[in-house]
Amino acid sequence: VFLRGETGVFRGTITAAPDFDPSADAETLYNAMKGIGSDKEAILDLITSRNNAQRQEVITAYKNSFGKDLIEDLKYELTGKFERLIVSLMRAPAYHDAKEIHDAIKGVGTNEKCLIEVLASRNNKQMHEMVTAYKDAYGSDLEEDVIVDTSGHFKKMLIVLLQGSRDESGVVDASLVEQDALDLFAAGEEQWGTDEAKFIMILGNRSVTHLRMVFDEYQKITELSIEDSIKNELSGDFERLMLAVVQCVRSVPMFFARCLYKSMKGLGTADNTLIRIMISRSEIDMLDIRECFRLRYEKSLYNMIKDDTSGDYKRTLLNLCGGDDDLAGEFFPEAAQIAYKMWELSAMTKVQLRPTVRPAANFDPAADAQALRKAMKGFGTDEDAIIDIVAQRSNAQRQEIRQTFKSLLGRDLMKDLKSELSKNLERLIIGLMLTPAEFDAKMMKKAMEGAGTDEHALIEILVTRSNDEIQAMNAAYQAAYKKTLEEAIQSDTSGLFCRILVSLVQGAREEGPADLERADADAQELAAACNAESDDMKVKFMSILCTRSFPHLRKVFQEFVRFSNKDIEQIIKKEMSGDVKNTFYAIVCSVKNQPSYLADRLYKAMKGLGTDDRALIRIMVSRSEIDLFTIRKEFKETHDVSLHEFIQGDTSGDYRKTLLILCGGED
């Protein structure tokens, strides 16, 4: 898959100004800074409407006309982030890169993130020009400075990248592709320990085209993506650097879309990263980055910058961004190509589901039952003792404890726990003591009782459970509430949303691999439905999305891109609304990467003011023995903060302690 940005076709947002007159521009800037105060709008409008080559001419004309240094005058007149951004725009690209690297390695501490982002993403020509500019600007050798400031395999890979000697011929030797894939496998997954030198040699030197084929071959051999293997085998800054190299091989614009998102999400903004990327990519591939951004994060880069920055700084960044993709509502071929590749990777990847809670060794249900009784007897309750037992046993073991508690002590453990505990801790501990089917049934009941319905909870449960789990939940619901779950859904929801939930609650989704011929037909039907009446379109989507197996749907969504040149996620967001949109979107996300979907649900449960404790408890309890460890990894990858850290900052007391035990560790 080639993007136009990689084939030399211009995909920037900043172009050369027509009828350019450097002397007139120099005079405009001089007048904007003359006297008291400066005309910041005039400065930013002029500078962002010239390309870098023209800005260099303006610097020269300014010195010729006024005998002054334009950059020094700008530094004097402007302040803060706005000054940093404008002054950086005035530097030639190679000198801008050189300064960023110099700032990253000089002084106290090293900014490894900056080193990784710049050195993983530059081509040979950019690398050579940066090394020359560094020598010219700082009088020292960039490679020597990097050697002094870094260490280990991280240092070795940086030095390899600094050579700017990656094969850029585009010629691929098919026999070497297989050999490289086998060598990477032998260097990592196949052995104890890792042969880091092999990873460095292959990822540091082979061409982008060659490496893409190596990654595909690697996936066939191992059923793991190269990214997952790197996460399993490497660690620290070296791991982050190698992942960045892989991401740049797959798609440089997608790599920068991720970096930009991470620079703005959450509290505070990583302004240096934001400035560096917006400047360095504005004349190269900002259009592609924008497309990738919207494809991945359901929001335009323009709107993210608008929400996250302010004043003249914001205006300048928005000029560099060049437009709002949410407003345009278009689908771009580049984004569609990336989407096709993403679905292909999703179909090939065998996600390793790992729990955080496992059965306790040397388990003694009688001893646990006695310990729980002791913790609840007399005045006060020993919450610590209860938490340590309940959170560190598997669900099957907890059921044995429940049974033994009744046999030995003639008491109902659930009633005792309810009378001793309160609020969120009680909900969490009781949730852990129920069987998975009882817990799911209770969560469905809670989502529908009282005023208002928690549609997100209904969607999340029904989309992420297997047929067996849904059928067990149906039986548990009937036993506990004396009516069928289907009847409850029908009395609490309406319209097409109700029909979709009823379809899902049958627990009759097909199982098994993709049927390639049928996937083609399904994809064509979905593509055709996009041109039909809104209701007909939704019914067609329901008939396919609610009944086909997940492996089959992966293939359908991939082929949908080929038939429509659009991405299924964007179609759902653009053409549908409300609960119907949310359900279809949840199915697509779950098909693509269910742990990532659940990580996102956890993030939304805790971010901002207030916590959705019901959602937090529901996911932590229901996934702890299935894939919570995997969800944790996705959480960290997407949000750049660990789930452990998020829970710690968002909850308190014994409730927090229990959640952190279920979380199973800090990433």
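Trainee: Which residues are linked with Asp 520, Lys 555 and Glu 559 in a network of salt bridges?

Mentor: Keep in mind that this is a predicted model. Side chains of opposite charge can pair when their charged atoms come close. Here Asp 520, Lys 555 and Glu 559 belong to a salt-bridge network, and the remaining member is Arg 562.

Trainee: How many salt bridges does a search of the whole structure find?

Mentor: One of the pairs is Arg 206 with Asp 180, whose closest N and O atoms are 2.6 Å apart. Another is Asp 384 with Lys 657, at 3.2 Å from N to O. Searching the whole structure gives a total of 40.

Trainee: Arg 206 and Asp 180 form a salt bridge. How many residues apart in sequence are the parts the pair ties together?

Mentor: The closest N and O atoms of this pair are 2.6 Å apart. Arg 206 is in the loop between H12 (196-205) and H13 (208-222), while Asp 180 is in helix H11 (residues 174-187), so the bridge ties together parts separated in sequence by 26 residues.

Trainee: Now Asp 384 and Lys 657. How many residues apart are they?

Mentor: Their side chains meet in a salt bridge of 3.2 Å, N to O. Asp 384 belongs to helix H24 (residues 383-390) and Lys 657 to helix H41 (residues 653-663), so this pair links distant parts of the chain, and the separation is 273 residues.

Trainee: What is the relative accessible area of Lys 657?

Mentor: Asp 384, its salt-bridge partner, counts as partly exposed at 38% relative accessibility. Lys 657 is partly exposed too, with a value of 29%.

Trainee: Glu 634 has no salt bridge. Which side chain of opposite charge is nearest, and how far away?

Mentor: Glu 634 lies in helix H39 (residues 628-639) and is buried. Its side chain has a polar contact of 3.1 Å with the side chain of Asn 593, and the residues it touches also include Pro 595, Ser 596 and Ala 599. A salt bridge needs atoms within 4 Å. The nearest side chain of opposite charge is Lys 231, at 5.4 Å.

Trainee: Which residue caps the N-terminal end of H16?

Mentor: Look for a side-chain oxygen 3.1 Å from the backbone nitrogen of Met 254. That oxygen belongs to Ser 251.

Trainee: Last one: the backbone oxygen of which residue lies 2.5 Å from a polar side-chain atom of Thr 13?

Mentor: Thr 13 is in the segment before helix H1 (22-33). Residues it touches include Ser 282, Met 286, Arg 290 and Cys 321. The backbone oxygen at 2.5 Å is that of Leu 320.

Methods. Residues numbered from 1 in each chain as written. Predicted model: local features only at pLDDT ≥ 70, side-chain atom pairs only at ≥ 80, totals over all residues. Heavy atoms only, no water. Helix = DSSP H or I, 4+ residues; strand = E, 2+ residues; numbered from the N terminus. Buried < 20%, exposed > 50% of the residue type's maximum accessible area, 1.4 Å probe, protein only. Lys, Arg positive; Asp, Glu negative; His and termini not counted. Polar contact = N/O pair within 3.5 Å; in protein donor to acceptor, adjacent residues only side chain to side chain. Contact = heavy atoms within 4.5 Å. Lists of a residue's contacts leave out its neighbours within four places in sequence.
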